[in-house]
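Colleague: I have a model open and want to learn to read it. Can we go feature by feature?

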Amino acid sequence: PDATDPLVARTADFIRSKFLHEGSGHDWEHIRRVWQVARALAQHTPQADPLVTELGALLHDVADWKFHDGDEEAGPRAARQWLESQQAPENVILAVEKIIREISFKGLGVATPMSTVEGELVQDADRLDAIGAIGVARAFAYGGHKGRPLHDPAVLPLQHDTFESYKQNTAPTINHFYEKLLHLRERLNTPAARQVAQERHAFLEQFLAQFLREWEGQDVGQL
Ligand code: ADP
Ligand code: NI
């Protein structure tokens with residue numbers, strides 16, 4: 001999308017150059033899609049401030065705890081540093097920091113409510129990008145980046161009742177579908193996002209069924 005606000009345009013350039021060559025599924029193209037979807041959701045949500053929504057989308061992964069030793073403040077800190085360097089108003093900085101602090105999935109047993117409407121839109125856009133065909137691709141990109149096996153039927157999915165347990169997880173990538181991806185549809189904030197999620201969720205289920213069939217060679221049969 002094209003930025004209409006100059007601060008949004010500068011932030012998009014900053015994040016684009018920072019994430020262009022990222023290989024874990026948290027690349028610029030992910031950010032670009034989240035930005036685009038969050039903008040579209042904001043157009044149906046008159047109470048949402050478009051500037052906070054767009055900056056939140058662009059900065060939501062600026063310094064993810066997964067790549068900063070589990071430090072959950074790395075993201076808000078990096079966002080503040082950038083926005084202060086651009087003389088952004090303090091109320092905008094605080095709103096963006098809050099979105100980054102609240103957005104992450106933290107385990108099936110941990111609720112992650114967003115306290116602002118802009119946060120709800122950015123979280124929905126981020127979660128939509130974790131399901132569907134793109135979501136499948138990103139999960140395996142992430143697992144490959146971390147050196148994880150695709151699948152191991154002996155390792156059972158876990159519920160993860162605390163963020164610590166979720167953070168320390170090193171399970172095969174297929175487990176991630178049961179521990180997170182299949183549950184995102186039920187955890188969306190807006191009806192518009194839930195609508196988009198229908199087809200993407202169905203694709204996840206179809207992918208898993210086919211994957212497990214091939215894993216066991218059921219489609220090969222007697223040959
Ligand atoms: P969130 O924005 O909800 O915090 P993440 O940043 O955890 O989402 O996830 C970003 C992408 O990385 C998603 O597509 C997600 O599926 C993938 N991912 C995160 N953890 C894992 C994992 N343990 N195995 C496979 N993919 C993962
Ligand atoms: Ni993201």
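Colleague: Where is His 183 placed?

Modeller: Elements come from DSSP runs: helices are H or I runs of at least four residues, strands are E runs of at least two, and numbering starts at the N terminus. His 183 sits in the loop between helix H9 (173-179) and helix H10 (191-215). This is a predicted model: local features need pLDDT of at least 70, side-chain atom pairs count only at pLDDT 80 or more, and totals for chains, interfaces and linings use all residues. Residues are numbered from 1 along each chain as its sequence is written, while chains are lettered from A and ligands numbered from 1 in the order in which they are written.

Colleague: Why is His 183 classed as partly exposed?

Modeller: Count C-beta atoms, placed from the backbone. A residue is buried if 20 or more others lie within 10 Å of its own, exposed if 12 or fewer, and partly exposed in between. His 183 has 15 other C-beta atoms within 10 Å, so it is partly exposed.

Colleague: Which residues come nearest to ligand 1?

Modeller: A residue is near a molecule if its C-beta atom, placed from the backbone, lies within 6 Å of it. The shell around ligand 1 holds 16 residues, and Ser 104, Phe 105, Arg 138, Tyr 142 and His 176 come nearest. Helix H7 (132-145) and H9 are the elements that give two or more residues to it. H7 has the largest share, 5 residues.

Colleague: How does that shell divide by class?

Modeller: Ala, Val, Leu, Ile, Met, Phe, Trp, Tyr, Cys and Pro count as nonpolar; Asp, Glu, Lys and Arg as charged; the others, Gly among them, as polar. Around ligand 1 there are 6 nonpolar, 7 polar and 3 charged residues.

Colleague: What about Tyr 142?

Modeller: Tyr 142 lies in helix H7. It has 18 C-beta neighbours inside 10 Å, so it counts as partly exposed. Tyr 142 and Thr 173 are 31 residues apart in sequence, yet their C-alpha atoms are 8.3 Å apart in space.

Colleague: Which residues does His 151 touch?

Modeller: Contact means that two C-beta atoms, placed from the backbone, lie within 7 Å. Leaving out residues up to four places away in sequence, His 151 touches Pro 172, Ile 174 and Trp 215. His 151 is in the loop between H7 and H8. It is partly exposed, because 16 other C-beta atoms lie within 10 Å. Leu 208 is 57 residues from His 151 in sequence and 11 Å away in space, C-alpha to C-alpha.

Colleague: Next, backbone angles. What is the phi of Gln 87?

Modeller: Gln 87 has a positive phi of about 55° although it is not a glycine. The residue is in the loop between helix H4 (74-85) and helix H5 (90-103). His 160 also has a positive phi of about 55° and is not a glycine. Its loop runs between H7 and helix H8 (163-167).

Colleague: Are they buried or exposed?

Modeller: Gln 87 has 7 C-beta neighbours inside 10 Å, so it counts as exposed. His 160 has 20 and therefore counts as buried.

Colleague: How many residues of helix H3 are buried?

Modeller: Helix H3 (residues 50-59) is mostly covered, with 8 of its 10 residues buried. Among them are Val 52, Leu 55 and Leu 59. The buried residues pack against helix H1 (6-19), helix H2 (28-43), H4, H5 and helix H6 (117-128).

Colleague: How do H5 and H6 pack?

Modeller: Two packed helices are described by the angle between their axes and the distance between the axes. Axes are lines fitted to C-alpha atoms, for helices over the stretch in contact, and angles run from 0 to 180 degrees between N-to-C directions. For H5 and H6 the angle is about 45° and the axes are 10 Å apart. They are therefore oblique to each other. Angles under 35 degrees count as roughly parallel, over 145 as roughly antiparallel, 65 to 115 as roughly perpendicular and the rest as oblique. The contact of H5 with H6 has 4 nonpolar, 2 polar and 4 charged residues.

Colleague: And which residues of H7 and H10 meet?

Modeller: Gly 132, Ala 133, Gly 135 and Val 136 in H7 meet Arg 200, Phe 203, Leu 204 and Phe 207 in H10. That contact divides into 5 nonpolar, 2 polar and 1 charged. The axes come within 7 Å and cross at roughly 50°, so H7 and H10 are oblique to each other.
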